[in-house]
Amino acid sequence: MSQALPGVALSDQTGNQFQLDLNYRGFIASPVIGTPQGLAVYQNGVRINEVFGDIVNWDFIPQNAINNLTLYPSNPVFGLNAIGGALSFDMKNGFTYHGVETELNGGSFGRVGTSVQAGGQVGNFSGYIAADAIDDAGWRLDSASSVRRVYTDLGAQGDNNTEFHITFTGADNTFGAAAATPVQLLDQNWSSIYTVPQTTHNQLAFLTASASWKPTDTWTYQAVTYYRHFDQAHVDGNGTNADNTPGCLTGSPSDPLCFDNPNGTTSPLVTTTGQNVPNSGALGFPNVLGEIDRTWTTTDSFGGSVQAASSERVFDHDNNFTVGLSVDRGLVQFSTTSELGTVNPNTYPFVIGSGLFIDQPSSAGIGGVAPVGLGATTLYTGLYATDTFDLTRRLSLTAGARYNIAQINLTDELGNDSELNGNDTFAHFNPMIGATYKITPNLTLYGDYAISNRAPTPLELECSDPSRPCLIDNALVGDPPLQQVVTYTYEGGLRGQFDLAGGHANWSVGAYRALNTNDIIDVLTPQSVAIGREFFQNAGDTLRQGIEANASYKWDRFNIYANYTTVDATFLSSLLLPSTVNASGTQNIVPGDHLTGIPDFRFKLGGEYQITAPWKFGADLDVVGSQWLVGDESNQLPQVPAYWVVNLHSSYKISDNIEVFGLIRNLFNQHYYTYGLLTDVTEFGYLNLADDRTFLPGMPFAAYVGVKGTLPTDGSAFAAFTSRPTITKASPAGIASVDWTGVYLGVNAGYSFGGSDWSDSVTGTSSGNFGTSGFAFGGTLGANYQTGWLVFGVEADGDWTDASGFGTFTSASLCAGGCLTGNSWLATVRGRAGYAFDRFLVYGTGGAAFGNVQASFSNDPVSNAVEAGWTVGTGVEVALNRNWSAKAEYLFVDLGNGSCTTACAIANANGPSLIPDVAVKFDESIVRAGVNYRFTF
């Protein structure tokens with residue numbers, strides 16, 4: 001993607017190669033919460049920017065399942081957040097991919113990966129599945145990653161050119177994000193880090209259903225609906241405003257621990273249980289204090305779109321018209337805690353938690369580290385139309401528009417900060433117009449003008465008060481209103497193609513200008529006043545402009561490309577912002593100052609040569625220009641230097657079905673910085689740091705090798721999968737064409753969501769119910785007996801699961817700092833009764849359930865109890881042939897109370913645990929699919 005698309009570059013703010021940012025024309029689509037997003041991303045027609053911060057989790061998309069991708073420059077048709085453009089992924093399905101492919105790879109820094117994809121069709125039905133698993137130890141300390149992804153597609157074609165697809169994307173990924181490191185530490189050790197833990201756990205369940213209908217040669221109707229569940233748990237070791245300087249409050253040796261407020265005053269440090277912490281023991285002077293900030297984000301989003309397209313000629317001219325409507329609903333639960341800890345020289349860089357949680361409620365200039373429970377609901381509605389009319393054989397005109405309405409409701413779920421409550425509505429009408437003119441058959445002139453808008457995200461709305469900056473993404477405060485961003489984009493250029501020396505060349509050159517009004521920026525506050533705190537604000541007008549040039553050439557065994565892009569990103573308004581680079585605490589931004597974190601140019605050059613029929617070799621050169629450090633908006637400090645990297649790749653086909661390949665990154669082992677920002681580095685005095693610049697170092701030399709195998713698609717085993725779709729008429733309903741009698745074995749996989757209820761041993765009252773979710777995978781053993789159209793059976797299964805959930809509640813102080821529930825395995829023994837018709841079996845099921853309940857207070861589950869319960873559900877199973885069948889199933893599982901003792905104790909700074917143990921109730925709904933093999937005797 002970064003090679004083929006001019007102006008596109010991949011970088012990172014996390015120090016982890018699986019959590020990359022995509023940059024285009026100075027706009028970004030990033031997985032980092034708090035990054036102002038400027039690109040809309042679609043998968044199979046569904047916008048996948050997450051609800052809470054519009055972030056894009058690229059780690060959720062299995063790369064081997066991508067069929068094609070398209071980059072669209074600023075176009076309002078793509079809805080909210082498309083101010084810089086839109087990227088659309090179309091995934092593979094069984095109609096477009098036939099065969100089976102497996103891959104195994106590994107290499108530097110403990111990388112081991114495997115993937116598989118398989119697809120095909122039987123008549124007018126198709127199926128496709130892709131899955132991969134990657135483990136990587138990381139090249140920096142404590143930066144290991146684990147990636148698990150799956151994508152499936154079931155499709156059907158019918159009469160009248162109809163097509164229907166159900167897809168599922170699931171992921172369970174864990175990342176060690178090492179983040180930026182002070183430059184003085186990097187000078188000592190290129191792989192060094194600043195503080196840990198720094199981990200992110202992402203989970204996804206994404207279900208879509210889409211249909212298309214083409215009743216005539218010129219009219220097409222399309223519809224898509226979806227449900228998306230996203231969970232993220234983030235752990236971040238940091239410095240702290242907690243203070244154990246003796247006498248920090250009144251000067252008395254008996255003073256408890258203090259909390260240094262952003263306004264320069266000092267308060268007694270208070271925990272979530274209402275206690276002051278004595279300045280003694282593990283937290284007392286001279287120990288060095290830190291904190292572990294944790295966030296949990298749970299998002300459920302659903303919605304859909306309908307669209308009609310016509311290619312009917314108008315006034316005997318070619319014309320393409322599209323009109324559509326989209327509605328997207330989002331529900332968010334966001335929770336945070338901050339655990340007091342230590343980061344002493346003998347444990348550095350690890351922050352060691354104490355079990356005590358800070359509760360310093362935010363007010364103007366005071367506090368701002370306290371548990372947060374935010375509920376957000378969003379409703380985005382868009383109505384759009386676009387038309388391309390061929391005025392002449394050479395001149396085509398395009399016009400379109402979209403009307404966006406964004407409604408955002410915010411609720412304080414803990415009841416301790418009413419200023420979190422809010423109700424905002426943003427609306428805007430966005431037109432566009434463009435034209436293309438064929439000067440010659442091989443030379444085209446193009447140009448367009450578009451207006452697009454971006455509404456503030458719930459995160460930005462809840463962290464926009466300069467007097468109460470947030471510890472993003474850990475703490476939120478109330479919000480003065482933000483205005484939406486409106487972008488006016490002009491672009492134009494030439495593109496062409498020609499034959500040269502027996503080969504074929506394509507080229508393009510153009511210019512763009514994107515003016516953002518009321519742009520939203522992320523502002524760092526002075527490290528001398530509020531360590532690590534930020535807020536969002538409208539920054540007036542900003543401008544991104546530049547040129548793009550691209551060329552490619554194919555000849556015989558050569559394939560060469562080159563592209564060059566410049567980005568001149570500047571402020572157009574005068575601003576007074578907090579400063580991290582001078583003693584006054586402020587910086588004056590004047591028109592012409594450059595936006596931070598945006599490289600000023602990118603140059604890519606590469607090619608591939610087919611040495612022999614089975615052997616290919618390629619090389620790529622990436623040159624990235626300089627950028628200003630984040631936090632230095634007035635451009636006072638030296639820039640992050642430009643850098644260049646050379647990568648190599650090669651592949652060799654041992655046979656038609658086996659291929660080996662290799663990849664080298666950073667061939668010359670260049671030391672370079674991909675990103676830079678300013679951070680207070682004086683909080684850990686024993687490090688003797690004085691330079692506030694922190695950088696993300698680039699990956700050093702790395703080498704990877706792998707082998708890829710494909711199964712032939714022309715043998716009898718795959719004859720059914722290689723045939724083109726055929727239209728067949730279903731058997732009359734009520735005729736059982738399959739005998740379901742027999743013993744069967746199978747596998748199943750799916751997603752669970754439910755709730756957990758905690759009751760404490762002191763008061764006996766419940767803390768409330770909070771959501772749980774996770775994946776399940778396992779095996780099935782069963783037997784059926786069929787009489788007429790009725791089918792009876794028994795079934796047992798055992799699944800590995802990673803269902804878990806987190807909640808913060810105030811009842812009896814239980815869960816004030818957070819409660820975590822998990823379930824690592826689940827087994828059921830059930831009866832089944834169903835009705836069979838044609839190839840389908842619809843059934844109900846119920847029986848006993850067994851599983852373990854894991855629970856803890858605040859973090860890692862360590863207390864376990866095996867519990868018995870019950871389950872009930874329903875499902876549908878379809879016979880693929882005499883022996884194979886596939887099923888989709890829903891189960892509700894209720895497990896009894898599990899006990900949680902030491903791990904769930906509420907810490908007490910002055911004595912024994914306040915609550916020694918709790919009872920945890922666990923229930924979940926499971927949606928899963930499976931494949932069974934039925935033995936016939």
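My entries below go from strands to salt bridges, then to single residues.

**Ground rules.** I worked on a predicted model, where local features need pLDDT of at least 70 and side-chain atom pairs count only at pLDDT 80 or more, while totals for chains, interfaces and linings use all residues. I counted residues from 1 along each chain as its sequence is written, and side-chain values use heavy atoms, with hydrogens and water left out.

**Entry 1: a sheet.** I took helices (H or I, at least four residues) and strands (E, at least two) as DSSP runs, numbered from the N terminus. I called two strands paired if DSSP finds at least two bridges between them. I then found an open sheet of three strands, in the order β13-β40-β39, with antiparallel pairing. Its edge strands are β13 (181-182) and β39 (673-678), each pairing on one side only. I looked at β39 and β40 (residues 693-697) together: five bridges join these antiparallel strands. I noted one partner in β40: Tyr-673 bridges to Pro-697.

**Entry 2: salt bridges.** I used this rule: a side-chain nitrogen of Lys or Arg lies within 4 Å of a carboxyl oxygen of Asp or Glu. How many salt bridges does the structure hold? I read off 22.

I looked up Glu-50 and Arg-228, whose side chains meet in a salt bridge at 2.9 Å, N to O. Glu-50 sits in the loop between β5 (46-47) and β6 (66-73) and Arg-228 in strand β15 (residues 219-238), so this pair ties together parts 178 residues apart in sequence. Are the two buried or exposed? Both Glu-50 and Arg-228 are buried. For these words I used relative accessible area: buried is under 20%, exposed is over 50%, and partly exposed is in between (1.4 Å probe, protein chains only).

Next I checked Arg-148 and Asp-135, a salt bridge with its closest N and O atoms 3.1 Å apart. Arg-148 is in strand β11 (residues 145-158) and Asp-135 in strand β10 (residues 125-136), so the pair ties together parts 13 residues apart in sequence. Arg-148 is partly exposed at 33% relative accessibility. Asp-135 is partly exposed too, at 34%.

Asp-797 is in strand β44 (residues 790-807) and Arg-830 in strand β45 (residues 819-837), so the pair ties together parts 33 residues apart in sequence. I noted that both Asp-797 and Arg-830 are buried. Both also belong to a network of salt bridges, whose members include Glu-795, Arg-832, Lys-887 and Arg-928.

**Entry 3: Val-485.** I found Val-485 in strand β26 (residues 485-500). Val-485 is buried, with a relative accessible area of 0%. What does Val-485 touch? I set aside residues up to four places away in sequence and found, among others, Ile-83, Arg-454, Asn-518 and Ile-520. Contact here means heavy atoms within 4.5 Å. I also looked up Asp-541: it is 56 residues from Val-485 in sequence, and 9.4 Å away in space, C-alpha to C-alpha.

**Entry 4: backbone notes.** I found a cis peptide bond between Val-196 and Pro-197, with omega about 10 degrees. Pro-197 is in the loop between α1 (183-188) and β14 (198-213). The bond from Tyr-348 to Pro-349 is cis as well, with omega near 10 degrees.

Phe-315 is not a glycine, yet has a positive phi of about 50 degrees. Phe-315 lies in the loop between β19 (289-310) and β20. I logged Phe-315 as exposed, at 73% relative accessibility.
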